[in-house]
Amino acid sequence: MASSGSPRFSHRRAVLFYLLAIVAPTLALLFLGLQSVRRQRQAVTSLTASNLRLSGERLAAKLERRVSQLAEACLRDNEIVRIHGSLGAPIAPDEARRLRLLLEAVERRHPIAEQLFVIQGDLVRYPVLQAPDARPLEEDLALERSVSGRRFETLFGEAERLELLEGRPREAFAGYRKCSELAVADRLKATALARVARCARKLGEREAAEAAYERLAKRYGDLSDGFYRPYALVAGLELCDLKKSRGEDERERLAALQADLAAGRWELGADQADYFLAQLRERAPQLPDPNRETGYLRRLELARALQERFRAPPSLRDGEIYSSAFTHKAQPHQVHYTRVPPEALVGLDVNLAWVKARVLPQAFADAGLSGDHIVRVVQRGSGEAGALQAGIPFQTFFPFWELSLTSAPAGPAGSSPSRDVVVFAGSTVLVLCVLALGVLLLLRDVSRETQLNRLRSDFVSGVSHELKTPLTLIRLFTETLLDEEQFRPEERKGFYQIILRESERLTHLIERALDFARVDRREKQYHLGEGDLAPLITQTVQVYGDYLKRRGFSVETSLAPSLPVVAFDPDAVAQAVVNLLDNAAKYSGESKFVGVRLWAEDSAVVFEVADRGIGIPAEEHEKIFQHFYRSDTRSGKGGYGLGLYLVKHIMDAHGGRVEVQSNVGLGSRFRLIFPRTPPDADAPSDETSG
Ligand code: ADP
């Protein structure tokens, strides 16, 4: 027993070496393979990145060229040339409106221009930044050459004198009112009406004042006073103040005015617009913030941005187009401008949204980029660059932008590196798994083999030991017979019988050992012949039964006298029967009962041996048929765990089977089942093994 440890240990060591010899190179191969896949992927990645960059640069250049062409076309528009570049100081609303209409027509033709602008010297003239200086009444009067005009002049002058110098508002009120009713230009009438309202307020005549302001707002709302303040706004604010003191809600009026202002109803300067927006909100804080995104307010904001940008007037050459970019209040601007003789600068603020939406796709198509590229314009520095993405800055325009070019993940070809990794690692893992399984099975086999060897050697020493007992007896009695001669004939006969019995036992033992050896080496031959099993079994049961009865067993038999024909080897069947009877007796415990039956069924002949002994636990029902298997608890009973193994082997050779039913403590029932249809006579039975 003790020696069995070392071969097992050396087996393990061999397996370990074997494992190491295979696993280590496999892992090394895996490592190298992954390494090369990674290098391949890196190469692909860097190639993709540089391709992307090249494509992006080409696209950016196309986009810039296209924008510059469009801007140039816009600035060379005939209408632009018609802008006379020698305008006076800040322009008045009428003039601003004329200019606006002209420029808007150009803008409609050239969507690249979100807004056209005119700068003169260091002053932004359009969009209007500041209102011009106050316009004296004389200017308006000078235009009015009619009789009514002269009458207006006289009456107005008188009323003004009464109001301002003599402090007599009531008389002035009457004078102004008359003026407002004369057939003169609207602008003069509106001026008089404004004075009427002012005097009414001074007189505390609220209703008259309100009526005058109401009329002023309604009829002359689009006109403006000497300070270029629209009457609608001026009168609206006054009305609001007057009515508010009476608790009337003027929110609607204020909201309407704010909306009109934001929509560009009046040509206000940027400063004026801000002033009035503030006034409106002061009176109605709950008004929503006017949407600074409206074209009109954006334009005014642009005027401010331009003023800041062109504080130092650039010197421009005729016919040349210049460009410049800047950010004002977080709004990026790209402007292109040219000189309009004699001294103005006309430019356009690029419509960035339009460039993104319309010019970019066109440039994309022109650059011949394939559909698996995704291009976006992003804020400079916000695009992340990677293998599949490149952020490309523009060369001349749009310094606040960059092109973000993404290569859409390609199809199966693109994904091949990672697929390679999976295939590579997967197959290696598979190989290792198979290897591990093999080793596991090997180890199991090795340990089984080791155990079997131990059992075999136990068997050999056990058999040798059992050989010794009959041999000793035979020698002892033979020596006694030789040495002593005075024995009586009966005594002599008794000795001879012992010698005979012991030699029979010896023969039996040796036969059994040889039988097993043959089965174990698969050399055992069975000689099947067809016939009736009943006589053979009856005789065997009788002989063995007599023996058992002599040993105090009760043997109950129920054997059919004749049976259907089956194929069988008489010696082998007799041995199987004896083995079962032997076990029944051996494990019958206190009961000392053995029951034997033999009968025929539809398709089989069945032989059964039953006992009421110690029984077999369910988990051992299969194991007991393995060679050398012996239940630990019963090992004291003598035997080598070969009886049932041989029974199974015999039954297999007969094309039949052996069955066991058993309960611990209640007994066991073994059945040999012989098929009635004879097995194929050609098939030698030594194929079968346990
Ligand atoms: P053994 O020479 O040990 O009897 P067998 O192959 O005949 O070898 O039996 C294998 C084992 O099956 C026995 O060791 C015993 O534990 C169990 N066994 C066989 N027959 C019986 C039975 N009739 N009752 C209880 N246990 C049995």
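Which residues does Phe568 touch, not counting residues up to four places away in sequence? The first legend has the answer, after a word on the model. This is a predicted model, in which local features need pLDDT of at least 70 and side-chain atom pairs count only at pLDDT 80 or more, while totals for chains, interfaces and linings use all residues. Residues are numbered from 1 along each chain as its sequence is written, and side-chain values use heavy atoms, with hydrogens and water left out.

**View 1. Phe568 and its surroundings.** Phe568 sits in strand E11 (residues 566–568); helices (H or I, at least four residues) and strands (E, at least two) are DSSP runs, numbered from the N terminus. Leaving aside residues up to four places away in sequence, Phe568 touches His527, Leu528, Gly529, Gly531, Asp532, Leu533, Leu536, Val573 and His654 (contact means heavy atoms within 4.5 Å). At 8% relative accessibility, Phe568 counts as buried; buried means under 20% relative accessible area, exposed over 50%, partly exposed in between (1.4 Å probe, protein chains only).

**View 2. Helix H5 against helix H7.** H5 (residues 147–165) and H7 (residues 186–203) pack with axes 12 Å apart, at an angle of about 25°. Axes here are lines fitted to C-alpha atoms, for helices over the stretch in contact, and angles run from 0 to 180 degrees between N-to-C directions. That makes H5 and H7 roughly parallel (angles under 35 degrees count as roughly parallel, over 145 as roughly antiparallel, 65 to 115 as roughly perpendicular and the rest as oblique). From H5, the contact uses Phe152, Phe156, Glu160, Glu163 and Leu164, and from H7 it uses Leu188, Thr191, Ala192, Arg195, Arg198, Cys199 and Lys202.

**View 3. The sheet around E8.** Three strands make an open antiparallel sheet in the order E6-E8-E7; two strands pair if DSSP finds at least two bridges between them. E6 and E7 are at the edges, each with a single partner strand, so one side of each has no neighbour in the sheet. On average, neighbouring strands of this sheet are turned by 25° against each other, direction ignored. Strand E6 (residues 373–379) pairs with E8 over seven bridges, and Val377 stands opposite Leu403 in E8. Five bridges join E7 to E8, with Gly391 partnering Ser404 of E8. Helix H13 (residues 352–366) lies across E6 and E8, running at about 150° to E6.

**View 4. Both faces of E8.** In a regular strand, side chains alternate between the two faces of the sheet. On one side of E8 are Trp401, Leu403, Leu405 and Ser407, on the other Glu402, Ser404 and Thr406, and all are buried. With seven of its seven residues buried, E8 is largely enclosed by the rest of the structure.

View 5. Most residues other than glycine have a negative phi, and most peptide bonds are trans. Phe398, not a glycine, has a positive phi of about 45°; Phe398 is in the loop between strand E7 (389–393) and strand E8 (401–407) and is buried at 0% relative accessibility. Lys329 also has a positive phi, near 50°, but Lys329 is exposed, with a relative accessible area of 62%. Its loop runs between strand E3 (321–328) and strand E4 (331–340). Finally, a cis peptide bond joins Tyr126 and Pro127, with omega about -5°.
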